[in-house]
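I opened the model today to look at a few helices and their contacts. My notes follow in the order I took them.

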Amino acid sequence: MIRKNDTCTIYACYVGYIVQAIINNLPPLLFLTFQNSLGISIGLIGSLITINFGTQILVDFATAKYVDRIGYRPAIIAAHLFCTAGLLCMGTLPRFMENAYAGLVIAMVCNASGGGLIEVLVSPIVEAAPSSGAKETAMSLLHSFYCWGHVAVVVLSTIGFQVVGMERWYILPLLWSIVPFANLFFFSQVPIRTLVEESERLPGRKLFSTGAFWLFFALMLCAGASEQAMSQWASLFAEEGLGVSKTVGDLLGPCLFAVLMGSARMFYGKRGERMDLRRFMAASAVLCIVSYCMAVCLKNPCLALLGCGLCGFSVGIMWPGAFSLAAKGCPNGGTLMFGLLALAGDVGCAGGPSLVSAVSGALPEYGLRAGLLAAVCFPVFMLILLSAYTRVKE
């Protein structure tokens, strides 16, 4: 029965990360359409990205503080309800409200609220499930579904736009809303266990006074920044370097990045029981440095694009690996710890691309190459942190 099957809980969590991929990666595919068909300026479209990240960070913080009182099941169901509402609003409000931008803001806030909740809740739910096997490999496999969801959104939406036409773009968000709506009912039935009992849970003050927690917090920040600093610019790299259309650019840029990132997570999810997680993360950080340098320094556009793809593979283990190290290093951290780690990851996701943009703007003669070279600091800092973690363990 589904009500007693912990494997069904894992499957629901997999779909949960696909939902997060939908609400994070569908809007960017429509930004140009919002500009052309709804008359929304590029400045206002940029503010939608800020609203998305800002809302997720606020939700991460609030969820970390209050979710243990609310309970995992009501919170994860609410997350999927928010995502369903956000996608429905995206497909309807901009067309029927006098202020189309206001409709998009409402949709973005709903989606970001649901995505923030999912990000905080899904990892501890999997960590608590007794049938998840080796925790590090289960966590890596879980996060790979975000990548496969990202690929599915880009490929299926691109096909969908070709079939229904860009003038009927609003159909796609309505169709994608079926996924969180269906998973909402799945989560209402599956068993959901508590990660740490209340009597054993570390209070916030004690968690904050633990040096290991801040090390994991910094690891998550570096993981998010290393990933998004390249991911956000992969499409532009493909379009400018290879001179291809936006459709092909999206498939060769973000799609290639997501495929290789998911492959790394799937590989560790299947083979990771025989590997040392910290060493695998350190090797990935080294590969990340190399891939950034390939993208920046190689003049051959095909090899530069290969650097972008290798970056996806190199960052694959960073986010789930940091979660797993924290779960092992602070076993009584509970949902508060996972929520704050998600917050750190989101700050990194916002900060990495911002650093690339700022450095590129400050050095226009070198442009994007200068910005990406500056982003090498994140995997370098991760190597230093992993070295510190080894010394703490010893």
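**Entry 1: W214.** I looked up W214 first. W214 counts as partly exposed because its relative accessibility is 41% (buried is under 20% relative accessible area, exposed over 50%, partly exposed in between, with a 1.4 Å probe and protein chains only). W214 has its place in helix α9. Helices (H or I, at least four residues) and strands (E, at least two) are DSSP runs, numbered from the N terminus. I then checked W214 against A326: 112 residues separate them in sequence, and 9.9 Å in space, C-alpha to C-alpha.

**Entry 2: ground rules.** This is a predicted model, in which local features need pLDDT of at least 70 and side-chain atom pairs count only at pLDDT 80 or more, while totals for chains, interfaces and linings use all residues. Residues are numbered from 1 along each chain as its sequence is written, and side-chain values use heavy atoms, with hydrogens and water left out.

**Entry 3: E227.** I stayed on α9, residues 211-231, which also holds E227. Is E227 buried or exposed? E227 is buried, because its relative accessible area is 6%. Leaving out residues up to four places away in sequence, E227 touches F257, M261, R265, V315 and W319 (contact means heavy atoms within 4.5 Å).

**Entry 4: α13.** I found A304, L305, G307, C308, G309, C311, G312, S314 and V315 buried in α13.

**Entry 5: α3 and α7.** Next I took helix α3 (residues 72-96) and helix α7 (residues 178-187), whose axes come within 8 Å and cross at roughly 165°. Axes are lines fitted to C-alpha atoms, for helices over the stretch in contact, and angles run from 0 to 180 degrees between N-to-C directions. The angle makes α3 roughly antiparallel to α7 (over 145 degrees). From α3, R73, I76, I77, H80, L81, C83, T84 and L87 meet P180, F181, N183, L184 and F187 of α7. By class, I noted nine nonpolar, three polar and one charged residues in this contact (Ala, Val, Leu, Ile, Met, Phe, Trp, Tyr, Cys and Pro count as nonpolar, Asp, Glu, Lys and Arg as charged, and the others, Gly among them, as polar).

**Entry 6: whole chain.** I ended with the totals. The protein has 17 helices and zero strands. Of its 394 residues, 55% count as buried.

Methods
Angles under 35 degrees count as roughly parallel, over 145 as roughly antiparallel, 65 to 115 as roughly perpendicular and the rest as oblique.
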